[in-house]
Amino acid sequence: MSQQEKSTNTVIRSLSLTLLFLLFCAIAIYTTDYISNPKSSIVVKKDNIKSQISTIVRNGGDLAAIKHVYDTRSREKISFLPFRKDLNKFYQYDVTLSTVLNDIRCDYLTSVPFEKDSLYYEQLLFIIRENDYRNPFEGLEANQRYYFESIRIKSRDYFSSIQSDVSKIADELYNKNLLVEKYLNKSTLSFYISIFAVFITVIMSIIQIRSNSKGEKGGDELSVNKKQDHE
């Protein structure tokens with residue numbers, strides 16, 4: 001084997017190893033992102049659900065109709081979350097109805113040019129207040145929501161006097177839940193990245209060892225051939 005052929009083989013091996021490494025990195029990013037937070041890949045388009053709810057409000061619909069649209073919202077699955085630039089166009093599927101309603105309210109107030117529609121805005125505010133009254137704990141987990149609902153039922157007529165404070169506690173708990181989920185996801189992601197890193201290192205080492213073995217074998221054969229030619 002000539003020196004030029006050796007150089008060519010070395011370059012080919014280097015390119016192959018580089019491509020293999022990049023492939024494993026891509027697979028690792030995609031897999032760990034999905035495993036660490038599968039919920040974030042299930043989304044609903046903001047424009048779709050906000051447009052449907054806005055239409056109901058304009059047509060004088062009630063909260064029950066809006067809840068039906070919200071409960072039957074279509075879900076979509078998106079991939080490669082770290083590389084997407086359009087994530088602001090989606091809600092996570094478990095977004096609360098109050099979040100959507102308040103976003104619609106903000107959209108109306110910040111629209112340019114502003115077109116005043118008092119009837120629409122008053123109806124929207126009425127729906128928001130009604131939803132806050134009927135579903136004040138919708139953002140909480142099921143077991144947490146159960147205890148808060150139990151407090152509301154047991155307090156009965158007195159709940160209105162403590163509703164503001166209870167709602168603030170529920171909001172704080174909701175924010176704490178988001179933080180806990182965020183840090184747990186980061187921890188899980190780091191764990192899977194470590195596993196993939198070890199796996200990639202092992203594979204690359206095996207390939208490198210085999211490549212070196214073939215190179216040494218070729219060198220030995222070349223030496224033997226030269227020796228025979230000399231004899």
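## Basis

The model is predicted, so local features need pLDDT of at least 70, side-chain atom pairs count only at pLDDT 80 or more, and totals for chains, interfaces and linings use all residues. Residues are numbered from 1 along each chain as its sequence is written, and side-chain values use heavy atoms, with hydrogens and water left out.

## Overall layout

The chain holds seven helices and three strands. Helices (H or I, at least four residues) and strands (E, at least two) are DSSP runs, numbered from the N terminus. Along the sequence the pattern reads α-β-α-α-β-β-α-α-α-α.

The chain has 231 residues, and 28% of them count as buried. Buried means under 20% relative accessible area, exposed means over 50%, and partly exposed lies in between (1.4 Å probe, protein chains only). A contact means heavy atoms within 4.5 Å. Among contacts with a separation of 6 or more, 70% come from residues 24 or more positions apart.

## The sheet

The three strands form an open sheet in the order S2-S1-S3, with antiparallel pairing. S2 and S3 are the edge strands, and each pairs on one side only. Two strands pair if DSSP finds at least two bridges between them. Strand S1 (residues 42-45) is joined to strand S2 (residues 76-77) by two bridges. Three bridges join S1 to strand S3 (residues 90-92).

Some of the bridge partners are listed here.

| Residue | Bridge partner | Strand of the partner |
|---|---|---|
| Isoleucine 42 | Lysine 77 | S2 |
| Valine 43 | Glutamine 92 | S3 |
| Valine 44 | Tyrosine 91 | S3 |

Strands of a sheet pair through backbone hydrogen bonds, either parallel or antiparallel.

## Two nonpolar cores

A nonpolar core is a set of buried Ala, Val, Leu, Ile, Met, Phe, Trp, Tyr and Cys residues joined through side-chain atoms within 4.5 Å. The largest one has 21 residues. Ile53, Ile66, Leu97, Val100, Leu101 and Leu124 have the most contacts inside it. H2, H3, H4 and H5 each supply at least two residues of this core.

Which residues does isoleucine 66 touch, not counting residues up to four places away in sequence? Isoleucine 66 touches Ile53, Ile56, Val57, Leu97 and Ile127.

Another core, of six residues, lies apart from the largest one. Phe137, Phe148, Phe159 and Ala170 are among its members.

## Helix H5

Helix H5 covers residues 118-134. Its 17 residues should span 24 Å at 1.5 Å a residue, and its end C-alpha atoms are 24 Å apart, which agrees. The expected span is 1.5 Å times one less than the number of residues.

H5 has these buried residues: Tyr120, Tyr121, Leu124, Ile127, Ile128, Glu130 and Asn131. They pack against helix H2 (46-58), helix H3 (63-71) and helix H4 (97-109).

Tyrosine 133 also sits in H5. Is tyrosine 133 buried or exposed? Tyrosine 133 counts as exposed because its relative accessibility is 53%. Beyond its neighbours within four places in sequence, tyrosine 133 is in contact with Arg152 and Gln163. Serine 167 is 34 residues from tyrosine 133 in sequence, and their C-alpha atoms are 9.9 Å apart.

## Helix H6

Helix H6 (residues 142-155) has 14 residues, which should span 20 Å at 1.5 Å a residue. The end C-alpha atoms of H6 are 20 Å apart, which agrees. Gln144, Phe148, Ser150, Arg152 and Ser155 are its buried residues. Arginine 156 follows H6, and its phi is positive, near 50 degrees.

Glutamate 149 is found in H6. It counts as partly exposed because its relative accessibility is 21%. Glutamate 149 and phenylalanine 137 are twelve residues apart in sequence, with 7.8 Å between their C-alpha atoms.

## The second largest pocket

Rolling a probe the size of a water molecule over the atoms shows where empty space is left. On a 1 Å grid over the protein atoms alone, a pocket is an open set of points where a 1.4 Å probe fits, with protein on both sides within 12 Å along at least five of seven lines. Lining residues have an atom within 4 Å of a point.

The second largest pocket has a volume of about 330 Å³. Grid points are joined across faces, edges and corners, and a volume is the space filled by probe spheres set on the points. The lining of this pocket has 19 residues, and Ser98, Asp132, Pro136, Ser167 and Asp171 are the closest to its centre. H5 and helix H7 (159-230) are the elements that give two or more residues to the lining. H7 gives the most, with eight residues.
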